[in-house]
Amino acid sequence: MVLKQKGDHPSRWTAVASIAEKIGRTAQTPNEQAKKAEIDPGKRAGRAPWRSFEAVEFATFEWVYCFNNRRLLEPIRNIPPAEAEEHYCTSLGILPLAA
């Protein structure tokens, strides 16, 4: 339903909210259904279509890894957050938690 009405609204979220109101559910229900509908047939935009929940999960893990280990943050001397955490734990004399 969301995918069909997306063109009638200024954003995807307004389409989700409109449908949720009509069916008497929270907005999460139609939003999850729309995500599932996009994942199953591989219609999701991006690098490559996600064909399964496992593919989405893997892409999420990949993003989190890059966010924590490759992204450089200026407020912490342009080092990745994971490295900053390791330095902090070392300065306190505690072992950093293993992921």
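Arg70 touches Tyr65 and Pro80, leaving aside residues up to four places away in sequence; a contact here means heavy atoms within 4.5 Å. This is a predicted model, so to speak of local features takes a pLDDT of at least 70 and side-chain atom pairs count only at pLDDT 80 or more, while totals for chains, interfaces and linings use all residues. Residues are numbered from 1 along each chain as its sequence is written, and side-chain values use heavy atoms, with hydrogens and water left out.

Staying with Arg70, this residue sits in the loop between H4 and H5. Its relative accessible area is 58%, which makes Arg70 exposed; the cut-offs are under 20% for buried, over 50% for exposed and anything in between for partly exposed, with a 1.4 Å probe and protein chains only.

The phi angle of Arg77 is positive, near 60°, in a residue other than glycine. Arg77 is exposed, at 63% relative accessible area. Asn78 belongs to the loop between H4 and H5 as well, and here too phi is positive, at about 55°, although Asn78 is not a glycine. With a relative accessible area of 47%, Asn78 is partly exposed.

Now for the overall fold. The protein chain comes to five helices and zero strands, where helices (H or I, at least four residues) and strands (E, at least two) are DSSP runs numbered from the N terminus. Read from the N terminus on, the elements go α-α-α-α-α. Of the 99 residues in the protein chain, 20% count as buried. Among contacts with a separation of 6 or more, 10% come from residues 24 or more positions apart. The protein chain exposes about 7900 Å², and carbon and sulfur atoms supply 57% of that area; accessible areas come from the Shrake-Rupley method with a 1.4 Å probe, and for residues only the protein chains shown count as cover.

Next come the aromatic residues. The structure holds one aromatic pair. The ring centres of Trp63 and Phe67 lie 4.8 Å apart and the planes meet at 25°, so the pair is stacked. For the rings of Phe, Tyr and Trp (its six-membered ring), pairing requires centres within 6.5 Å; planes under 30 degrees apart are stacked, over 60 edge-to-face and the rest tilted. Trp63 and Phe67 are four residues apart in helix H4, and are therefore separated by about one helical turn. Trp63 counts as exposed at 53% relative accessibility, whereas Phe67 is partly exposed at 34%.

Val64 is found in helix H4 (residues 53-69) and is partly exposed, with a relative accessible area of 34%.

That leaves the cysteines. A search of the whole structure turns up zero disulfides, a disulfide being a pair of cysteine sulfur atoms within 2.5 Å. Cys66 is partly exposed, at 31% relative accessible area, while Cys89 counts as buried at 9% relative accessibility.
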